[in-house]
Amino acid sequence: MDKYYVINDIVQNFPFISIILSLFTGILCAAVKPKKAMGICFFNLIVCFVLSLMTLIYCINNGDYYVYMMGHFPAPFGNEIRVGVLEALMATAFALVMLLSLLGGLKHIFHDVLPEKQNYYFLMMELLYTSLIALIYTNDLFTAYVFVEINTLTACAIVMLKHSKETLVATARYLMMSLLGSGLIMIGISILYDITGHLLMSNIKESVVALAGAGQYRLPIEVVICLFAIGLGIKSALYPFHSWLPDAHGSSTSGSSAVLSGLVLKAYIILLIKMVYRVFSIEVIRGSKVLDILFVLGVLAMTIGSIKAINSRDLKRMIAYSSVAQIGYIYLGIGLGNDAGMIAACFQILVHAFTKPMLFNTAGAFMDEAHGSRKFKDLVGAARKNLWAGIGFAVGAFSMIGIPLFGGFVVKYNLALAALPTNRAVLALIALVISTVLNAIYYVPALMVLFKKTSTSSKIKVFADKNDVPFIFSNGVFIICNFVLGIMSPFFITLITMGLNKFA
Amino acid sequence: MSSFKEVINSFVEGTPNTDTVINVKEKRTYKHHEKSLTERLTSMIEKGESKGARNAYTVIAVIMAIVIIGCLIYTVSSLPPFGNPSNPANNEVVRKYIMDGIADTGAINFVAGMILDYRAFDTLGESTVLFIAASAVIILLFRKKTSAEEKAADIEEKIYEDKHDVILRHGALILVPFTLIFGIYVILNGHLSPGGGFSGGTIMGAALILYNLAFGDKSTKKFFNFKVYKVITIIALSFYAISKTYSFYTGANHIHSIIPKGIPGNLLSSGLILPLNICVGIVVACTMFGFYSLFDREEI
Amino acid sequence: MFSGLINNFYETAAIIVFGIGFVTLLLNRNIIKKIIGFNFMDTAIYLFLASKGYISGRMAPILYNETTPTLTKYINPVPAGLVLTGIVVSVSFTAFFLAIAVRLYREYNTLDLHEIVSMMNKEENEE
Amino acid sequence: MIYIQYLLVAFLVICALSVCITNNLLVSLIIFTAYSLVMSVIWLFLESPDLAITEAAVGAGITSILFFITLVKVNKMNEGDNSNEQF
């Protein structure tokens with residue numbers, strides 16, 4: 001038997017247990033009262049966080065990946081999941097971010113969602129988490145497709161759970177674009193199955209490398225790569241396909257916005273990175289033109305997303321457009337085509353996953369001060385009324401702009417370093433500089449508006465809303481995490497490098 | 001009778017031929033009909049909206065779609081030929097599924113063996129998709145009726161009952177039992193013959209819908225309401241999840257599973273496939289009827 | 001190229017229907033039409049996938065008239081299983097999308113998505 | 001036999017095209033139902049009875065019922081003109 005199949009430690013079962021546990025508890029949420037559903041959801045997320053952390057430590061100590069069979073049959077006959085350092089790191093981070101986002105948005109969830117439907121909110125969140133970790137861990141393309149669909153459905157559901165007209169329209173557009181993306185992914189899987197005869201990533205990779213070496217089916221492979229890139233690009237709001245994002249992320253309740261921008265987009269990108277390494281192999285990808293396309297689209301996203309953010313008069317829409325720009329950084333890193341770029345992209349996934357939810361949650365707190373309005377003109381001086389949220393927003397904004405000490409700076413520095421040896425160095429550096437300037441152009445005025453002295457809020461009366469303890473807690477942890485990511489970045493980059501090395 | 005020209009006009013412009021087909025009541029408005037091309041043009045001119053950006057978007061989208069389709073068609077021409085036994089897809093995986101399928105899973109229907117045993121994780125996800133969709137539709141459409149509304153519904157039901165079609169009722173009386181039994185047959189024989197939980201469950205759901213149409217809500221509610229729906233669905237899905245957890249866990253840790261395979265070809269055979277098919281069938285039947293019921297009157 | 005298309009006529013037709021569905025989903029303004037387009041798109045993919053499993057002259061993958069299976073007697077069961085999963089996924093999405101359509105109609109009294117979006121924008125500007 | 005299959009496949013494409021062209025929703029739904037039924041026949045030709053039975057039950061059955069009931073519902077709302085009712 002292959003050494004990767006041997007299970008000799010109880011820790012190796014934990015990824016599987018966390019997937020099944022979230023699925024099972026998610027289903028149970030349909031039957032209980034909202035408060036109990038909330039309890040189940042938090043319990044599950046904490047358990048999953050601990051389990052993933054133990055898996056991560058195990059993987060670091062072990063230094064290698066292992067494969068867990070889902071059933072009695074090894075690959076290529078049955079399903080399996082694959083656990084390595086990168087997967088465990090992402091699962092841990094995702095559990096933490098989801099927990100904190102839900103805590104931060106808890107007040108709004110109970111305010112925005114109709115009382116009899118609140119338990120469904122937690123149901124959707126749990127199943128969303130299930131699909132996220134299943135997408136991270138899976139080693140099988142068709143399983144990935146099924147969980148992509150679960151992800152789409154639950155993501156749409158948490159948008160529309162806020163009871164308003166606006167979210168319905170946003171959901172319809174989001175669903176439409178997602179379905180287009182799923183269709184393209186599915187047809188890509190079909191063609192790939194036809195020319196390789198496998199659905200499991202490792203086996204497909206063997207076949208693809210052999211086919212590429214023999215020069216067979218060159219066109220189908222190229223087309224399939226493009227289909228996956230477009231399909232996952234639509235779902236992760238890559239620049240020309242981003243039209244659904246501002247509405248969906250801007251109009252939903254703040255906890256949903258946080259999870260959607262912080263985690264849902266990232267899961268698709270992680271799937272894309274897995275495909276690059278584990279389905280097509282990086283050599284075949286480098287031989288095709290898709291990396292150039294992703295690079296150019298990434299650069300466009302970085303600039304145009306920021307310009308759109310400058311033009312918006314609405315705090316949450318501004319943050320949503322900023323997501324488009326930040327997703328551009330990730331695609332820029334992938335498009336560079338070297339390992340350093342990929343590592344920077346993975347680190348950007350982590351940084352953005354910890355920063356954007358904090359921004360959305362603090363935006364929700366500001367909106368409370370302005371009686372639910374998201375417009376900048378109503379939000380003048382809001383940070384003075386809720387200073388703790390103001391500090392959180394400032395930390396997030398500094399990280400997004402790229403000030404040293406924060407994660408955003410490390411990302412930009414690493415991207416620049418990765419771009420230098422390539423032939424795209426000039427374009428990449430120019431794009432990084434322009435985008436940094438643009439980021440500053442919209443985040444600094446936003447901060448100035450939020451901290452402006454007004455007649456009603458000249459003095460800082462309250463440090464934070466005393467009634468909203470979960471938010472105070474989650475904001476604090478988010479701030480700490482941002483500093484940790486910025487200061488201890490070498491440690492995380494080492495982990496990502498370890499994981500990516502085992503990918504290839 | 002309208003002239004031929006009018007018929008053609010109505011076909012082109014999308015307004016239905018009101019004189020011949022539709023009665024007077026439905027003549028008034030057709031808001032739910034898609035606007036015809038001419039209507040759209042006139043409204044566009046009247047409103048004076050600048051549609052430049054939107055038109056550019058449309059053109060780009062069409063070009064993108066055409067490029068994708070062209071590439072795909074070009075790809076299809078170079079794919080392995082249709083129906084050829086030596087295609088790459090017919091490899092050792094298929095060989096294992098067919099040659100060892102009966103020994104491994106105990107199912108004579110290799111497709112059932114594949115989806116519920118070899119690749120059961122996908123199928124678990126798929127049942128979850130159905131459950132999530134049902135929950136999402138409940139979120140969107142379910143509402144508790146006030147007592148006044150309930151009374152109104154009662155009155156409507158009574159009026160409706162009087163008008164009940166004799167043919168429909170008698171037809172349903174004959175059809176519903178047979179359809180239900182056929183659905184149960186398809187579910188129970190999922191591992192022996194074509195079909196299985198999904199198709200059988202859908203057939204049962206269709207039978208329930210027919211029953212509801214013919215005999216009204218009250219008689220349906222006697223045995224199927226929201227509580228029943230919730231309890232049945234959650235129990236079935238939980239059983240599914242737990243039994244699959246057992247089989248995944250034993251599989252991954254190389255522990256021998258205690259579930260007997262039975263004699264292939266018998267009804268009680270093939271290990272977990274039969275119970276899982278029943279679970280899936282129950283979930284699907286409830287969900288399908290739930291969809292219908294939620295769309296029809298916003299409750300189950 | 002042309003002989004390849006004729007030979008793979010199921011796949012060709014599937015791709016054409018996929019394209020029609022794709023364009024309908026993307027460009028048609030009416031939500032119900034969009035959903036029909038989505039269904040066309042999905043069934044086209046399933047047709048594509050199912051035709052990949054067919055082997056001429058063989059029969060459905062259910063044991064027939066023998067006790068131990070012969071490999072050369074049955075077609076490939078994998079695509080059928082995948083399509084079975086896919087059909088259920090697409091019916092779930094259809095129900096979800098239709099429910100959204102009903103709610104949108106209740107709020108805006110139209111099924112035209114463009115009109116709905118412009119109505120929403122107008123409301124937002126009035127605020 | 002192959003010519004019947006050509007015919008059926010051509011029917012699929014024609015159905016899809018005509019749904020794209022027609023403006024009447026009811027007509028397009030009926031065409032869609034016919035499309036699903038033909039699809040299930042094609043799956044019998046492709047030796048996949050599992051799919052045929054599922055498509056006949058799901059595609060031509062439940063999905064069409066859902067579509068029609070949505071249309072009826074929308075029509076009813078239009079008649080009753082209770083569009084502002086909250087729930």
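**View 1. Chains A and D, which share no contact.** No contact joins chain A and chain D, and their closest C-alpha atoms lie 10 Å apart; two residues are in contact if their C-beta atoms, placed from the backbone, lie within 7 Å. Elsewhere, 5 pairs of chains are in contact, and chains B and C share the most contacts among these pairs. The model is predicted: local features need pLDDT of at least 70 and side-chain atom pairs count only at pLDDT 80 or more, while totals for chains, interfaces and linings use all residues. Residues are numbered from 1 along each chain as its sequence is written, with chains lettered from A and ligands numbered from 1 in the order in which they are written.

View 2. Helices (H or I, at least four residues) and strands (E, at least two) are DSSP runs, numbered from the N terminus. The order of elements from the N terminus on is α-α-α. The C-alpha trace spans about 55 × 30 × 15 Å along its principal axes. Chain D has a radius of gyration of 17 Å, whereas a compact globule of 87 residues would have one near 12 Å; the radius is taken over C-alpha atoms, and the globule rule is 2.2 Å times the number of residues to the power 0.38. Of the 87 residues, 45% are buried, that is, 20 or more other C-beta atoms lie within 10 Å of their own. Among contacts in chain D with a separation of 6 or more, 41% come from residues 24 or more positions apart.

**View 3. The side of chain D that touches chain C.** Here 33 residues of chain D are in contact with 36 residues of chain C. H1, helix H2 (25-45) and helix H3 (49-80) of chain D each give two or more residues to this side. H3(D) gives the most, with 15 residues. By class, this side of chain D has 22 nonpolar, 7 polar and 4 charged residues; Ala, Val, Leu, Ile, Met, Phe, Trp, Tyr, Cys and Pro count as nonpolar, Asp, Glu, Lys and Arg as charged, and the others, Gly among them, as polar.

**View 4. Helix H2 (residues 9-27) of chain C against helix H1 (residues 2-21) of chain D.** The two axes come within 10 Å and cross at roughly 10°; they are lines fitted to C-alpha atoms over the stretch in contact, with angles running from 0 to 180 degrees between N-to-C directions. H2(C) and H1(D) are therefore roughly parallel, a term for angles under 35 degrees. Residues making the contact include Phe9(C), Ile16(C) and Gly21(C) of H2(C) and Tyr6(D), Val13(D) and Cys20(D) of H1(D). The contact of H2(C) with H1(D) has 13 nonpolar, 2 polar and no charged residues.

Key. Parallel < 35°, antiparallel > 145°, perpendicular 65-115°, else oblique. Buried ≥ 20, exposed ≤ 12 C-beta atoms within 10 Å, placed from the backbone.
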